[in-house]
Amino acid sequence: MSETATTESSVTGRTVFGHPIGLVNLFGVELWERFSYYGMVSILGFYLYYSATDGGLGLAKSTGVGIVGAYGGLVYLSTVLGAWIADRLLGMERTVFYGGTVVVAGHIALAVVPGFAGVAIGLVLVALGSGALKANASSLLGTLYSKGDARADGGFTLFYLGINLGAFIGPLLTGLLKDHIGFHYGFGAAAIGMAIGLTQYVVFRRNLGTHGREVPNPLSREEFGKVAAVLGVAVVAVAVVWTTGLVTLDNLPDVTTGAITAGVIIYLWVLLRSPKVTPIERSRVRAAIPLLVANAVFWSLYQQIFTVLTVYSDERIDWNIFGWTAPSSWVSSIAAVWVIGLSPLFAILWTKLGSRAPSTPHKFALGVIGVGVSFLLFMPLSTFSGRSVPVLLVFVVLAGFVISELLLSPIGLAVTTQLAPEAFRAQMMALYFFSLGIGTSMSGTLARFYDADHEIAYFGITGAVAVCAGLIVAALSPWISKHMEGVH
């Protein structure tokens, strides 16, 4: 046995709580990436629509929250580039490292470059870096488990705990900095957090062994010219649509949703027609399609924590806690509190149940129905006038968001790695994040229809649509399970 094989064997044989040792490193880097991302995005909307005297840029409120939704969608759109780089150039493990480096640079730009220039430079860099890191960190974790390994759902749920530890701590710190020192200090804290995550990733890189080092589908020399031409055309196209006014800050959420939807369709066409995809793998890709639609519906509601609920938090919630007024940006940390508390329980549940757990389609259906019901629970809160909705009631309602999230999101990450064709592992994960991106950008589009005078109609209609979508997924569950070809 070679030295490389011996090292790989010793690494993969080591476990923590019954899971591969590499989970610890990926847990840490994702925690700090989400700390930086959610810490930044929790104050971004306020920065965009607060007046200059309050430290903001003074955009219209509907435009500001729309940009936040569109930006979240663009982050997930950029996963296609990160996945392509991993599959064709660098491999997943190195792409995670370089993605984290670009994220740090983006947060530094937001912290030190004033005005719209800092927003433009910073958000582009964070979107590109996060896109590279997110798809590949999740895919890299998937390589630590073999197909059909009952530990996978539990491992991804623990990984999801790391995501939400970061999502909890980040907004708490940046919200305090925003209220007491200024927005740019909050953005600076996000940069420091990502730098810490990148450092620990490098220090403990060896725990991953050789996982993710291989480039599955290397780019040939002959293809470099074609790729450069496509990138050039894309850059020119973006410049043209922006300078001609076809894309504006106001219609950015709609354009983003359309662009990502087109990307999903193109990706599915490529995967289903590729000669590198076997018939069994092709069947699994088909099974993923209704799950991707359900995922988009779910996130179009859930991600309103950063659009509609940002405004709702600032204008409707009473943040008085034992005589102290908490920052309104803390609303995004409430969901993370529930995730931190419930994730270990769900991890234990899925691990204990193993193959007896509900099938993935049924989990997805329950998740979509659950978030719809949670939206309906906001309707009774409309009886409170002004900024008087007790934060404790919102805390309870958001528990429904999180239970639904834990039924769908970590399970979605796990099943995507199981359904992915071998030649397109990272890019299949990008396809999953595309669906998440559609939902996120839709949260910006929907946010423009919200106002406090029509809360019952807004929360009632959106919640009811989600419940109906979940029921459709439940009805399709037998067909989906049949075409998953051995994946539970």
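Me: Why is R34 called buried in this predicted model?
Reply: R34 has a relative accessible area of 1%, and buried means under 20% relative accessible area, with exposed being over 50% and partly exposed in between (1.4 Å probe, protein chains only), so R34 counts as buried. Because this is a predicted model, local features need pLDDT of at least 70 and side-chain atom pairs count only at pLDDT 80 or more, while totals for chains, interfaces and linings use all residues. Residues are numbered from 1 along each chain as its sequence is written, and side-chain values use heavy atoms, with hydrogens and water left out.

Me: What makes the contact of R34 and E33 a salt bridge?
Reply: Their side chains meet at 2.6 Å, N to O, and a salt bridge is defined as a side-chain nitrogen of Lys or Arg within 4 Å of a carboxyl oxygen of Asp or Glu, so the pair qualifies. E33 is buried as well, with a relative accessible area of 0%.

Me: Why is K61 called partly exposed?
Reply: The relative accessibility of K61 is 34%, and therefore K61 counts as partly exposed; E315, at 32%, also counts as partly exposed.

Me: How do you know that E455 and R316 tie together separate parts of the sequence?
Reply: E455 lies in helix 17 (residues 455-483), whereas R316 lies in the loop between helix 12 and strand 3 (317-318), so the pair ties together parts that are 139 residues apart in sequence. Helices here are DSSP runs of H or I with at least four residues, and strands are runs of E with at least two, numbered from the N terminus. The side chains of E455 and R316 meet in a salt bridge at 2.7 Å, N to O.
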